[in-house]
Amino acid sequence: MINAKRRKLALFYCRNVPESREKDRQLLEEACGETISFFPMPCSGRVEPVHLLRALEEFADAAYVIACPTGACRNFEGNLRARKRIERTRSIIEAIGLERERVGLVVCSKDNPKPLAVLAREIMDKVSSLGPSPALGPKALNEEEKGI
Amino acid sequence: MITGEQKPVEEIRQMIAPYKRILVLGCGSCVAECASGGEKETAMLASALRMAARMNDEDVTIEEMTLDRQCVMEFVIQLDKVIDPYDAVLSLGCGAGVQAVADMYPEVRVIPGLNTEFLGETKAQGVWAETCLGCGDCMLYDFGGICPLARCSKQILNGPCGGSVDGRCEVNPDIPCAWQLIIDRLDRFGALDRLEDIYPPKDWSTKQGAGPRKIIREDQQK
């Protein structure tokens, strides 16, 4: 279903996102293989810059957060906090020379909420153009060059 | 609380460049409260530095640890068990913490990762403000609990200067006029007559007039 190009994505998402129950996540993980690692969260406001940085350091070419629509957070301001933390993380990775687009926030539409699978595919398409992350070291870049 | 801000990553990378095994050392006290050197910030910085090193093909080991308090020997001594492999410690403690670690481990290079800023208080989430200069001769009683030295841009003891507008400082309208606050507070307590006194210039000998200060309490010693 999702194009398993060699990029690896760490995807943190609020459990309020449509079709993001545990069963949905398991099916998606089966379909995606190692391409996307899903991290369900009770609220996107729980995400911290260190979660995203560790994902980029350990395995991911990009780390994204999916939040519920502005004004619809059941904890009132979780999605607003997530936005600030994304910006903070972006400033950190920019300071070390990594593209800021490797970290991002996708906010669900209030009027036309998309299921987790659709959002994941859209994010994957977006980050695929970035190329392998140099933060994962020369091994990742070499694999890309050799087409592994 | 002592406040600090993390130095730019580029400056930190230049300072740690000569070293191969680096311990990023956080402090769980003041700098954790002001979100610059606690466990979270230490993990973030260490992670960013490891990625930067990998991107630049640098052969370094960067690990992290956070002490509950970096400026007290009883806590710093916990490094005894782990410090041997490292040739540098990147401290996210305040200036006192950096020096406490350096004093205890003179053979290890201790590098400051923060710029220590001021003694202050948490005004709101994510907002810290300077409220004390540590002058060694507290005058807060005379001024209704508002320090004119720390909080008045002109540091005047016989105010107000007359320049404030709508209770805001004329030097920096982002801050309230300290003298407006002083007068409001003294008025509330019916103590405005205290301002009839003329205060002589501050005696700064109690701050650093005789060099670095030290407090010795025999009753607290062994």
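This is a predicted model: local features need pLDDT of at least 70, side-chain atom pairs count only at pLDDT 80 or more; totals for chains, interfaces and linings use all residues.

**Entry 1: a helix in chain B**

I started with helix H7 of chain B, residues 178-188, and asked which of its residues are buried. The list I got is Ala178(B), Trp179(B), Ile182(B) and Leu186(B). These four sit on the same side of H7(B), because the arc they cover around the axis is only 95°.

**Entry 2: where chain A touches chain B**

How many residues does each chain bring to the contact? Chain A gives 19 residues and chain B gives 14 residues. I looked up the buried area too, and between the two chains it is about 1500 Å², with 61% coming from carbon and sulfur atoms. On the chain A side, the residues that lose the most area to chain B are Arg54(A), Glu57(A) and Ile96(A), and together they make up 38% of what that side buries.

Then I went for the polar side of things. I count six residue pairs in polar contact between chain A and chain B, both residues at pLDDT 80 or more. Which elements of chain A give two or more residues to the side that touches chain B? They are helix H2 (49-58) and helix H3 (78-95) of chain A. H2(A) supplies the largest share of that side, six residues. Sorted by class, the chain A side has twelve nonpolar, two polar and five charged residues.

**Entry 3: salt bridges across the contact**

Between chain A and chain B the count is three. I picked out one bridge, Glu57(A) with Arg50(B), where the closest N and O atoms are 2.4 Å apart. The pair runs from helix H2 of chain A to helix H3 of chain B, residues 39-55.

Are these two partners buried or exposed? Glu57(A) has a relative accessible area of 4%, so I put it down as buried. Arg50(B) comes out at 18% relative accessibility, and that counts as buried as well, because the cut-off is under 20%.

**Entry 4: salt bridges within chain A**

Two more pairs went into the notebook. The side chains of Arg90(A) and Glu87(A) form a salt bridge at 3.8 Å, N to O. Both are in helix H3 of chain A, three residues apart, so about one helical turn separates them. Arg90(A) is buried at 17% relative accessible area, whereas Glu87(A) is partly exposed at 38%.

The other pair is Glu94(A) and Arg100(A), whose side chains meet at 3.2 Å, N to O. How accessible are they? Glu94(A) is partly exposed, with 41% relative accessibility, and Arg100(A) is partly exposed too, at 24%.

Definitions and conventions. Residues are numbered from 1 along each chain as its sequence is written. Chains are lettered from A and ligands numbered from 1 in the order in which they are written. Side-chain values use heavy atoms; hydrogens and water are left out. Contact means heavy atoms within 4.5 Å. Buried area is the accessible area (1.4 Å probe) that two parts lose on being put together, summed over both. A salt bridge is a side-chain nitrogen of Lys or Arg within 4 Å of a carboxyl oxygen of Asp or Glu. A polar contact is a pair of N or O atoms within 3.5 Å; within protein, one must be able to donate a hydrogen and the other to accept it, and residues adjacent in sequence count only if both atoms are side-chain atoms. Ala, Val, Leu, Ile, Met, Phe, Trp, Tyr, Cys and Pro count as nonpolar, Asp, Glu, Lys and Arg as charged, and the others, Gly among them, as polar. Buried means under 20% relative accessible area, exposed over 50%, partly exposed in between (1.4 Å probe, protein chains only). The arc is that of the directions from the helix axis to the C-beta atoms.
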